[in-house]
Each structure stands twice: as C-alpha cells, then as structure tokens.
Amino acid sequence: MLADLTAGAVEDAEARAAAKPLADVEAAAAAQPPALDVLSALAPADRVKIIAEVKRASPSRGDLAEIPDPALQARRYEEGGASAISVLTEGRRFKGSLADLEAVKAAVRVPVLRKDFIATEYQVLEARAAGADLILLIVAALPQDALVRLHALALELGMTPLVETHSATEVDRAADLGASLIGVNARDLSTFELDRDLFGRLAERIPPGAIKIAESAVLEPADVAHYRATGADVVLVGEALVTNDPVSTLHAFLEAGAHAATSERSTSR
C-alpha cells in the first residue's frame with residue numbers, strides 16, 4: 001500500500017512538473033515569506049499540543065467528509081486550539097490537493113504541514129512554493145540517502161521536516177538524521193492495521209531534544225490522554241476532527257491531555 005501511494009504521488013508530481021518546470025517552482029518557493037518557527041510552536045510544554053488535519057478520505061476508511069472549504073475547517077481548528085494544521089495534498093486516495101494547502105496557509109496563523117508521500121526534490125520545493133512550513137517524510141518510503149537529501153533540502157528552504165516512523169529501526173534512522181520532529185504512526189502503512197501502543201513502546205528510543213509526535217488511532221479524548229501519558233509532546237488528529245464538531249472536539253482532546261499530564265506528574269512525585 002505504501003509503495004503504491006508513493007508511486008502514485010510521484011507520478012502526479014511528474015505530471016505537474018511537465019506543466020510547471022522545476023525552475024519556476026524554485027522561483028515560487030524563493031518568493032514565499034519565511035516559513036514559521038515550527039519548533040517553537042510544537043515545543044514540549046506542560047500541556048499536550050495538537051496538529052489538526054484537513055482530511056477528506058483515506059484508503060482504510062474511504063470518504064470521511066466533503067470539506068468544501070478547507071480554509072474554514074482550518075480556521076475552526078485554530079479557534080479550537082490547534083498548534084499546527086496538517087493538510088493532506090495527495091489526490092488519488094485522500095482527495096486532497098496543493099490548492100487546499102494554499103487556501104489553509106492563507107487562512108491561519110499557525111504552521112501548516114504538507115502531508116503527502118514525498119519522495120522527490122520537486123515535491124519538497126512545491127510544498128514551500130505553496131506555503132508549507134513543514135513537510136512529512138516517511139522513513140519506510142525512502143532509502144536513507146534519499147531521506148537525508150530531502151531532509152536537508154527542506155531545512156535549506158526553511159521548512160521543518162516531520163520524520164514519520166513505524167518501528168525501532170525507523171526511529172534509529174530518524175535519530176541518525178538528526179530529526180527535530182519524530183512521529184510514530186500507529187497505522188502500519190503496509191497493512192493499514194492500527195496499534196495504539198506502538199508509540200509508548202518506541203517513545204523512549206526517540207532522542208532527547210527531539211519533539212515526540214503520536215499519529216493515528218485518535219478517536220476520543222482517552223486516546224489523547226493515553227498518548228500524553230506515554231510521552232507524546234504532540235498528537236496528530238485527523239478523522240475525529242472532520243467527522244465531529246472540530247472546536248468542541250479539540251477542546252475535549254486538549255483537556256484530556258492536560259489531565260493526563262497532571263496525573264503523570266502526580267504519580268512521579
């Protein structure tokens with residue numbers, strides 16, 4: 001599944017490159033205002049932080065929500081207390097686009113993540129040209145030399161890479177990269193099965209100083225509390241926010257994370 005998604009995303013990027021050459025995208029990226037300070041926005045704090053995702057569909061669940069106005073959805077996320085916004089830009093299975101990202105970036109003041117299956121320099125550059133402050137790099141989809149190259153390019157452009165992992169070996173590869181944001185996705189992108197406890201098993205392997213992000217398997221406040229209690233600085237949430245009222249859902253999730261942090265501190269005394 002992951003290989004197919006990545007191949008499709010690269011094929012679609014090649015089609016865009018035929019219409020808009022690399023030099024034009026480089027110029028558009030250079031003309032963007034500087035990317036926002038993602039590390040400050042997501043820095044560990046006495047409360048959990050949430051990356052809220054604009055997500056219309058997924059291969060595992062099919063259609064989730066129409067989201068005719070992604071900018072409005074993102075503004076509601078910001079109103080609800082999200083620290084960053086993730087925008088699915090993959091079009092085949094997630095029904096997203098770079099136009100969604102551009103609309104969201106123009107509508108909010110928090111950092112915006114391009115979430116896609118990125119495997120080429122062109123995709124990194126077009127992310128910055130569209131205004132992305134972060135990009136997703138999936139360790140399982142990339143050989144280490146490509147991961148190093150794309151990570152370096154993102155940093156050169158002023159963006160912050162979110163390096164996504166699914167195993168101890170992948171966490172080690174992210175650590176070797178010097179990644180500042182390391183995510184653990186509970187969804188195995190080869191089988192699409194979920195394991196909410198994976199983050200807790202891998203969290204201690206993430207180097208000190210890196211921001212720890214738990215991804216997927218978040219449907220209710222207890223899931224956020226679980227991730228916070230097992231060491232998450234940030235939780236990325238998609239489906240639960242597009243299928244429910246985003247503001248009240250975010251409030252409930254943030255409250256649950258705060259209670260989990262309080263309980264953890266009380267237990268450690």
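Helices (H or I, at least four residues) and strands (E, at least two) are DSSP runs, numbered from the N terminus. Residues are numbered from 1 along each chain as its sequence is written. The model is predicted, so local features need pLDDT of at least 70 and side-chain atom pairs count only at pLDDT 80 or more, while totals for chains, interfaces and linings use all residues; side-chain values use heavy atoms, with hydrogens and water left out.

Eight strands form a closed barrel in the order E1-E4-E5-E6-E7-E8-E9-E10, with parallel pairing. Neighbouring strands of this sheet are turned against each other by 25° on average, direction ignored. Two strands pair if DSSP finds at least two bridges between them. Axes are lines fitted to C-alpha atoms, for helices over the stretch in contact, and angles run from 0 to 180 degrees between N-to-C directions.

Strand E1 covers residues 49–54, and six of its six residues are buried (under 20% relative accessible area, with exposed over 50% and partly exposed in between; 1.4 Å probe, protein chains only). Lys49, Ile51 and Glu53 point one way from E1, and Ile50, Ala52 and Val54 point the other way. E1 pairs with E10 in the parallel sense over four bridges, and Lys49 stands opposite Val234 of E10. E1 is also joined by four bridges to the parallel strand E4, residues 84–88, where Val87 stands opposite Val54. Helix H4 (residues 70–80) lies across E1 and E4 and runs at about 165° to E1.

Why is helix H6 (residues 121–129) largely enclosed by the rest of the structure? Eight of its nine residues are buried, so the rest of the structure largely encloses H6. Among these buried residues are Tyr122, Glu126 and Arg128. The buried residues of H6 pack against helices H1, H2, H5 and H7 and strands E5 and E6, contact meaning heavy atoms within 4.5 Å. After H6 comes Gly131, with a positive phi near 105°.

The largest pocket has a volume of about 370 Å³. Of its 27 lining residues, the closest to the centre are Glu53, Lys55, Lys115, Arg187 and Ser216. A pocket is an open set of points on a 1 Å grid over the protein atoms alone, where a 1.4 Å probe fits, with protein on both sides within 12 Å along at least five of seven lines; lining residues have an atom within 4 Å of a point. Grid points are joined across faces, edges and corners, and a volume is the space filled by probe spheres set on the points. Strands E6 (134–138) and E10 (234–237) each supply at least two lining residues.
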